[in-house]
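Work through these exercises with the sequence and the model side by side. Try each task before reading its solution.

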Amino acid sequence: MTEYLVVDGGTLAYDVTGTGPLVVLAHGMGDSRAAYRFVAPRLVAAGYRVAALDLRGCGESTATWPTYSRTAVAGDLLALVRHLGGGPAVLVGHSLSGGAVTIAAAQAPELVAGIVELAPFTRTQAMSVRDLRVRRYRTGMTRLLMTGVLGSVTWWHKYLDVAYPGPRPADWDEQLARNAANLREPGRMRAMQRMAKPAVDAHAQLAHVRCPVLVVEGSLDPDWADPRAEGEAIVAAMPAGLAQVEVIEGAGHYPHTQFPDETAALVLSFARAHARA
């Protein structure tokens, strides 16, 4: 059942299922909380209270906001944790939200027991000629660029085609249809275009994180020429001994949808070690 939380600037849609320590799931740009449709039930079955949120501009949340920055999304996540009793929660963030959970952990350590970053855009990104030699990366970046310039659902789905190498969910066609319908609602594509703009706010907070961190990368993620190296660079920018990297072989940019068993197993192992009631 969809519930709503009013915050400064709009309304956030979310759902909560299960009982136990709180785990909050945040998706990436151009998506919705349905991205966790396979992982969330596994967490609930394991004894966790799971809240899945539609980011500002996405899903059933308000479409138009003054800003769509990672810092703003971090504020939304912390508002939800407070609304649900104050946690401390394990925050799971994908892509853009990987940066957001980093900021949330740095800003409100009393509300965050640990963070999981799935294929995260946390560091400031820089494209190099060497990276462009990797075909997977070159193709993904070209399609993302065309999506941003044209505001095109067609180009976004071309990007998703390379972002999901190998196995895809059984409801892939339904996923694409649902996604296209949502992005064609007024303001949704514009929100995604603004989310895609380069940002440094998450990178600046890496050194200030104090809770345990798990970074999960897909070995075939087209958003980086070397996904493992990206994950290791995030870990290196945090205090020593705080974070670790796991790589899911064969996964692209959406390990939680493409390989839910493997992703849920990693999240559950982390939550068992660090979640608090």
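Contact here means heavy atoms within 4.5 Å. Keep in mind that the model is predicted.

**Exercise 1. Which residues does aspartate 171 touch, not counting residues up to four places away in sequence?**

Step 1. Find the residue. Aspartate 171 sits in the loop between H5 and H6.

Step 2. Apply the contact rule. Aspartate 171 touches Arg37 and Phe38, with residues up to four places away in sequence not counted.

Step 3. Compare sequence with space. Aspartate 171 and isoleucine 103 are 68 residues apart along the chain. Their C-alpha atoms are separated by 33 Å.

**Exercise 2. Describe how helices H5 and H6 meet.**

Step 1. Locate the helices. H5 covers residues 153-163, and H6 covers residues 172-183.

Step 2. Take the geometry. The two axes come within 11 Å and cross at roughly 145°. The crossing of H5 and H6 is right-handed.

Step 3. List the partners. H5 brings Val153, Trp156, His157 and Leu160. H6 answers with Trp172, Leu176, Asn179, Ala180 and Leu183.

Step 4. Sort by class. The contact of H5 with H6 has seven nonpolar residues, two polar and no charged ones.

**Exercise 3. Which residues have the most contacts inside the largest nonpolar core?**

Step 1. Start with the count. The largest nonpolar core has 66 residues.

Step 2. Name the residues with the most contacts inside this core: Val24, Leu91 and Trp156.

Step 3. Ask where the core's residues come from. Helix H3 (residues 96-107) gives the largest share, seven residues.

Step 4. Look around valine 24. Leaving out residues up to four places away in sequence, valine 24 touches Ala51, Leu77, Leu80, Val81, Ala89, Val90, Leu91 and Val92.

Step 5. Look for a core apart from the largest one. Another core has 24 residues, among them Ala40, Tyr48, Ile248 and Phe270.

Step 6. In soluble globular proteins, nonpolar side chains tend to be buried together.

**Exercise 4. Classify the ring pair of phenylalanine 121 and tryptophan 224.**

Step 1. Count the pairs. The structure holds four aromatic pairs.

Step 2. Read the two values for this pair. The centres of phenylalanine 121 and tryptophan 224 are 4.7 Å apart, with 35° between the planes.

Step 3. Use the cut-offs. Planes under 30 degrees apart count as stacked, over 60 as edge-to-face and the rest as tilted. The pair of phenylalanine 121 and tryptophan 224 is therefore tilted.

Step 4. Phenylalanine 121 is in the loop between strand E6 (112-118) and helix H4 (135-150). Tryptophan 224 is in the loop between strand E7 (213-218) and helix H8 (227-236). The pair links distant parts of the chain, 103 residues apart.

Step 5. Check burial. Buried means under 20% relative accessible area. Phenylalanine 121 has 17%, so phenylalanine 121 is buried. Tryptophan 224 has 4%, so tryptophan 224 is buried.

Step 6. Find a ring cluster. Ring pairs link Tyr164, Trp172 and Tyr254.

**Exercise 5. Is arginine 33 buried or exposed?**

Step 1. Locate the residue. Arginine 33 lies in the loop between strand E3 (22-26) and helix H1 (39-45).

Step 2. Arginine 33 has 11% relative accessibility, so arginine 33 counts as buried.

Step 3. List the contacts. Not counting residues up to four places away in sequence, arginine 33 touches Thr2, Ala13, Tyr14, Asp15, His27, Ala52, Leu53, Asp54 and Glu60.

Step 4. Take one of these partners. Arginine 33 and leucine 53 are 20 residues apart in sequence and 5.5 Å apart in space, C-alpha to C-alpha.

**Exercise 6. Examine the backbone at proline 88, serine 95 and alanine 119.**

Step 1. Begin with the peptide bond. From glycine 87 to proline 88 the bond is cis, with omega near 0°. Proline 88 lies in the loop between H2 and strand E5 (89-94).

Step 2. Turn to serine 95, in the loop between E5 and H3. Its phi is near 55°, a positive value in a residue other than glycine. Serine 95 counts as buried at 7% relative accessibility.

Step 3. Finish with alanine 119, in the loop between E6 and H4. Its phi is positive, about 40°, although alanine 119 is not a glycine. Alanine 119 is buried, with a relative accessible area of 0%.

Key:
Residues are numbered from 1 along each chain as its sequence is written. This is a predicted model: local features need pLDDT of at least 70, side-chain atom pairs count only at pLDDT 80 or more; totals for chains, interfaces and linings use all residues. Side-chain values use heavy atoms; hydrogens and water are left out. A nonpolar core is a set of buried Ala, Val, Leu, Ile, Met, Phe, Trp, Tyr and Cys residues joined through side-chain atoms within 4.5 Å. Buried means under 20% relative accessible area, exposed over 50%, partly exposed in between (1.4 Å probe, protein chains only). Helices (H or I, at least four residues) and strands (E, at least two) are DSSP runs, numbered from the N terminus. Axes are lines fitted to C-alpha atoms, for helices over the stretch in contact, and angles run from 0 to 180 degrees between N-to-C directions. A crossing is left-handed if the near helix is turned anticlockwise from the far one by less than a right angle, and right-handed if clockwise. Ala, Val, Leu, Ile, Met, Phe, Trp, Tyr, Cys and Pro count as nonpolar, Asp, Glu, Lys and Arg as charged, and the others, Gly among them, as polar. Rings of Phe, Tyr and Trp (its six-membered ring) pair if their centres lie within 6.5 Å; planes under 30 degrees apart count as stacked, over 60 as edge-to-face and the rest as tilted.
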